[in-house]
Amino acid sequence: MARKSSKSSESSKSSEPSKPGSALTHIDARGEARMVDVSEKPATERVAVAEGRVVMSEATLALIVSGNAKKGDVLGTARVAGIMAAKRTSDLIPLCHPLALSKVTLDIAPDHKLPGCIVRATVKVTGPTGVEMEALTAVSVACLTIYDMIKAVERGVRIEGIHLVEKKGGKSGHYRA
C-alpha cells in the first residue's frame, strides 16, 4: 500500500518520471543516438549533488580511518579520483557534453553505523547543460577507488545507493530526492 508523502508539491513532483509522452532527448526521430544541441540554451548556474555508499566490515573501516591501508591514503586517493572523474565524464559517457566545471567537491565520511563510507559529490558549472552525470560519475569512481584500495583486505565490500540527491538550475528547475 502506498503512503502519502508529506513533502511539498515541488519535492513530490521531482520524484515522478518525466512528463508522460516526453521524448528521450538523446534519441532522434529515427531512433538513433545523438548529442543534444545546447547552443541555443542560456548559460545559467547549475549544481548537482550525488551520493553513494561503500559498505565494509568495521575492521576494514578502522584500517581506512587509521591510515594504515597497505595502498596508502584511501580517502584522499578516492577524493582525487572522484574529482578527476567528474572532469572526464564526457570521455566516459558517450553523449555527455564536455564542460568547464567551476567546482567539484568530494566529501567522504566514515560511518561506523554502516559500517563504511558515505561518498558525496557536489559539482557546479555555469553553462547551457546540467552536471548530474558529472556528480554521479565522481561518486561512482570515488567508490570504485575505495574498493580497489581495500579489496585485498576484504573482497565482500559493496558499493550501494549511488543516486542524484539534488539538482539546481536550468529549465527543469530544482530537484531534490
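The legends below describe close-up views of a predicted model.

**Figure 1. Overall fold of the predicted protein.** The protein has five helices and five strands, where helices (H or I, at least four residues) and strands (E, at least two) are DSSP runs numbered from the N terminus. Read from the N terminus, the order of elements is α-β-α-α-α-β-β-α-β-β. Of the 177 residues, 33% are buried, meaning under 20% relative accessible area with a 1.4 Å probe and protein chains only. Among contacts (heavy atoms within 4.5 Å) with a separation of 6 or more, 71% join residues 24 or more positions apart.

**Figure 2. Packing of helix 3 on helix 5.** Helix 3 (residues 74-87) and helix 5 (residues 132-150) pack at about 145 degrees, with axes 7 Å apart. Axes are lines fitted to C-alpha atoms over the stretch in contact, and angles run from 0 to 180 degrees between N-to-C directions. Helix 3 contributes Val-74, Thr-77, Ala-78, Ala-81, Gly-82, Ala-85 and Ala-86 to the contact, and helix 5 contributes residues including Glu-134, Thr-137, Val-141, Thr-145 and Ile-146. By class, the contact residues are eleven nonpolar, four polar and one charged. Here Ala, Val, Leu, Ile, Met, Phe, Trp, Tyr, Cys and Pro count as nonpolar, Asp, Glu, Lys and Arg as charged, and the others, Gly among them, as polar.

**Figure 3. The largest nonpolar core.** This core holds 30 residues, and Met-56, Val-74, Val-119 and Ile-146 touch the most other members. A nonpolar core is a set of buried Ala, Val, Leu, Ile, Met, Phe, Trp, Tyr and Cys residues joined through side-chain atoms within 4.5 Å. Two or more residues each come from strand 1 (44-55), helix 2 (58-66), helix 3, strand 2 (103-111), strand 3 (116-127) and helix 5. Helix 5 gives the most, eight residues. Leaving out residues up to four places away in sequence, Ile-146 touches Val-54, Met-56, Ile-64, Val-74, Ala-78, Ile-108, Cys-117 and Val-119.

**Figure 4. Surroundings of Thr-137.** Thr-137 lies in helix 5 and counts as buried because its relative accessibility is 9%. With residues up to four places away in sequence left out, Thr-137 touches Ala-85, Thr-89, Leu-92 and Ile-93.

**Notes.** Residues are numbered from 1 along each chain as its sequence is written, and side-chain values use heavy atoms, without hydrogens and water. In this predicted model, local features need pLDDT of at least 70 and side-chain atom pairs count only at pLDDT 80 or more, while totals for chains, interfaces and linings use all residues.

Note on methods: Buried < 20%, exposed > 50% of the residue type's maximum accessible area, 1.4 Å probe, protein only.
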